[in-house]
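Welcome, and take a moment to look over the structure below.

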Amino acid sequence: MSALNASGRKACWDARDELWKCLDVHQDQTSACEKHQREFEAKCPAQWVKYFVKRRDFLKYKEKIQNEGYEPTEGASKL
Amino acid sequence: MSHVELKFTSRIILRMLRLSCLRGLDWHVTSWTILQSTMREISPLSHHIPKATFPSCRSLKKIHMSHIRTSAQGFPPQHCRLPWLLGEQRAFYSQGSSKTPKPGSTAGIKLRTRLVVTLLFGGGIIGTWWYVYQEKQQKIQMQRMEQLRKVAVGQGDFSLLDHTGQRRTKRDFLGRWVLLYFGFTHCPDICPDELDKLTNVVRTLDKDTSLPTVQPLFITVDPERDDVATMAKYVKDFHPRLIGLTGTAEEVKQAGRDYRVYASAGPKDEDGDYIVDHTIIIYLVNPDGLFLDYYNRIKNDVQISESIRNHVKNYVKLFPD
C-alpha cells in the first residue's frame, strides 16, 4: 500500500479516534467496539494499526503514571 | 604706638610670616622654636598686639621694606602661593602646635583638589582597563567567527534530488533561512503533524514582511520507498514552498550525519510495510549554512516562529559579500 495522502490520513485518524472513544467508554473491552475496530483496520495500513495500538498503550501508561504516581524500583539511587 | 613698639610688632609679624613662608620638612621644629620665642616676646606686649592678621607675602614684603631693616635670611620668597602650600603643610604636620590656623578654606580647597585628582586618576585606570577588556573581547569574537566559518562550510552538506527531480546541494540554499525536517512518507502521525506545524510556522513568518522568507525542507530517512514521485505526492499536502529531498541510501545517510539524525527501519510486515524510527526534530539553518537551533515535538508553532524571529534579528553575517 503506498503512502496515504492527506485525506487518506485524515480518514485513518478519524477512524482511530472513534475506536479510542469507544474503548474509553467501554473500558477497553474490544468486544464492544468490533465495528469501529474493523473500520479502523480498513482505513489504516497494517503498520499504522500496530503503531496506534502501541501508542494507545503508551498513552494509557503515561496517564497512569501522571495521575497515580509510581514506586521507584528497588535499588534506585538515593539522591 | 611708639616707634619701639611698632618696630617690635613688626618684628613679630615678620617672624610669624617667616613661619608661614618657610619650606622644608623640618620647618615645624624651626617654627616651633621661632613660635616659642615669639610667644615669649609677645606676652608682655599682648595688649598691644593687633589680632593675628596674615598679610600675604607680598604685602609683608612691602611692610618690611617700608618699616624694618632686617637680616636677609629666609625672608618671604618670591612666590605667593607658599602660604597656601604651607597652610597644607601646617594641616599635615602640625597637630595643633600652631596657634594660628589658616582659615578653613585652605584645607578645604586642598581636599577638593585631592578628591578631583584621585577621581581623575581612578577614572583613568578604569578607562584603561575597559579599553583593554574591549580589545580582548574583540579578539575572542574574531576567533569565534573564524571557527564558525570553518564549521559552516563543512557541516550538513548534502547532495540530493528534490521532488521535481532536480539535484540540490546545500550550496543552493545559502543565503536563505532553512527549516529542515527528516521524516518519511509512510509515517503514521508524527511526520504529518510536524510538517503541519512547519507549514504553520512558515505561513506565520511569511505574514511578517520585514523578515526574509524561510525555506522549508523535508528530507526522507526512507529512501527505499520515498522516491521522487512519492515525495512529490507527499509534499503537495503541505506548504507550497516545501521541497522534498531524496536520493540513494548513502546520500541520505550523508545528509543526516551532521545533524546527528538517528534513523532505524523497523521490521517489515507481510505487506512489506515498516515504520522507520527516527529523531523528531526541526532544524534551523541560517543563510551561512550554519545550524543554529532545533525544535522538538513540545514546541508549538507560535514558539518556533518567535524563536526564528529572534534568530533573524540577531543574525550577523559570517561571510561578507
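The points that follow are grouped by topic. This is a predicted model, where local features need pLDDT of at least 70, side-chain atom pairs count only at pLDDT 80 or more, and totals for chains, interfaces and linings use all residues. Residues are numbered from 1 along each chain as its sequence is written, and side-chain values use heavy atoms, leaving out hydrogens and water.

**Helix α1(A) with α2(A)**
- Helix α1 (residues 6-25) of chain A and helix α2 (residues 34-43) of chain A pack at about 160 degrees, their axes 9 Å apart.
- That angle makes α1(A) roughly antiparallel to α2(A) (over 145 degrees).
- In contact (heavy atoms within 4.5 Å) are residues including A:Ala15 and A:Leu19 of α1(A) and A:Phe40 of α2(A).
- By class, this contact has six nonpolar, two polar and four charged residues.

**Helix α1(A) with α3(A)**
- With helix α3 (residues 46-68) of chain A, α1(A) packs at an angle of about 45 degrees, with the axes 12 Å apart.
- Among the residues making the contact are A:Trp13 and A:Trp20 of α1(A) and A:Phe52 and A:Leu59 of α3(A).
- The contact divides into seven nonpolar, no polar and six charged residues.

Terms used. Chains lettered and ligands numbered in written order. Axes fitted to C-alpha atoms, helices over the stretch in contact; angles between N-to-C directions. Helix = DSSP H or I, 4+ residues; strand = E, 2+ residues; numbered from the N terminus. Nonpolar A, V, L, I, M, F, W, Y, C, P; charged D, E, K, R; others polar. Parallel < 35°, antiparallel > 145°, perpendicular 65-115°, else oblique.
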